[in-house]
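Thanks for coming, everyone. Please bring the structure up on your screens, and I will walk you through it.

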Amino acid sequence: MTDTNPFADYLQRLVRALMICESAALGEDQYLILDCGTGLRLLGTELAAHKNGFPRNYHIFLSHYHFDHIEGLPFFPPLYDSRSTISFYGFKSGGKSAQQVLEGLICPPYFPVRLAGVPSKVNYIDTEGLPLNVADIRISCLPLRHPDGSLSYRLQHGGKTIVFATDHEHGDEATDRALVGFSEGADYLIYDATYLQGEYESLRRGWGHSTWYAAVQTARLAKVKTLVLFHHHPDHTDKDLEEILRVAREELPATEIAREGMELPF
């Protein structure tokens, strides 16, 4: 991993599609991570192969606690390394703090090791304290429309901006308007595009996810430079996703579709 440009490295190391884990190297010993899907295991394995034995700090920002966004956490090797410091940034959901939620899931009988007893040093930070800086990156958040809550994150550095807006259901005027403002002028908007319009209208209203068309409308209104369609439906094939990309580009040419191991110039 390179350490010279945090945002360039951030985009080069995204682990996309259903793996739902994104990361940035912020220097010799700091990493910023968005969500903890199964891609987190791959990230941890890759990090273990480089500079093994060095203390490291991980800043993990959680959009929410649904299982597809945290299931990689028990398999993240730095959890079991006493030289690691891991800071979780999250919000209260269902009356429980991020610490209560995560420690309640990563423990017997769901997993043989308790998160509360891992060798690494673990911190919990309430996202109500945002915006804040991690290294040179300014991080702010915005609540989205999703069952049990969800947060979008805006990352700013050196005049460049990335907005990560997964697990959002369009249709609430106030929230949609706020997201447009939150995404204004972003270099990249990574947006929930789980459903086709027909799928959403016929069966999925109220499920907490959006469509490629709503993504395009948000990106256009926010004057985003590049839209990245994200959080694909597991029943959509690669062929389906290529067709979604084709029709989305007819509406907004500066559109990409998230792929595993994808690299974006920045």
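I will start with the whole chain and then visit a few places in it.

First, the ground rules. This is a predicted model: local features need pLDDT of at least 70, side-chain atom pairs count only at pLDDT 80 or more, and totals for chains, interfaces and linings use all residues. Residues are numbered from 1 along each chain as its sequence is written, and side-chain values use heavy atoms, leaving out hydrogens and water.

Now the overview. The chain has 7 helices and 12 strands. Helices here are DSSP runs of H or I with at least four residues, strands are runs of E with at least two, and both are numbered from the N terminus. Of the 266 residues, 54% are buried. Buried means under 20% relative accessible area, exposed means over 50%, and partly exposed is in between, with a 1.4 Å probe and protein chains only. The chain exposes about 11,700 Å², and carbon and sulfur atoms supply 52% of that. Those areas come from the Shrake-Rupley method with a 1.4 Å probe; for residues, only the protein chains shown count as cover.

What about contacts? Contact means heavy atoms within 4.5 Å. Among contacts with a separation of 6 or more, 65% are between residues 24 or more positions apart.

Next stop, helix α2, residues 39-48. G39, L40, L43, G44 and L47 are buried there. They sit on the same side of α2, because they cover an arc of only 140° around the axis. That arc is taken from the directions from the helix axis to the C-beta atoms.

Now S84. Find it in strand β4, residues 84-90. Is S84 buried or exposed? S84 is buried, at 4% relative accessible area. Its side chain reaches the backbone oxygen of P78 at 3.2 Å. That is a polar contact: a pair of N or O atoms within 3.5 Å, where, within protein, one must be able to donate a hydrogen and the other to accept it, and residues adjacent in sequence count only if both atoms are side-chain atoms. Setting aside neighbours within four places in sequence, S84 is in contact with R56, Y58, P78, S120 and K121.

β6 and β7 run antiparallel, joined by 3 bridges. Two strands pair if DSSP finds at least two bridges between them. L132 stands opposite I139 in β7. β6 and β7 form a hairpin with 2 residues between them. β7 is also antiparallel to β8, residues 151-157, through 6 bridges. There, C141 stands opposite Y153.

Look at the loop between β6 and β7. D136 lies in it and is exposed, at 59% relative accessibility. Leaving aside neighbours within four places in sequence, D136 is in contact with Q156 and H157. A135 is in that loop too, and is partly exposed, at 36%.

Last, some backbone geometry. Most residues other than glycine have a negative phi, and most peptide bonds are trans. A135 has a positive phi of about 55°. D167 has a positive phi of about 55° as well, but D167 is buried, at 1%. Two cis bonds to note: P108 to P109, with omega about 5°, and L130 to P131, with omega near 10°.
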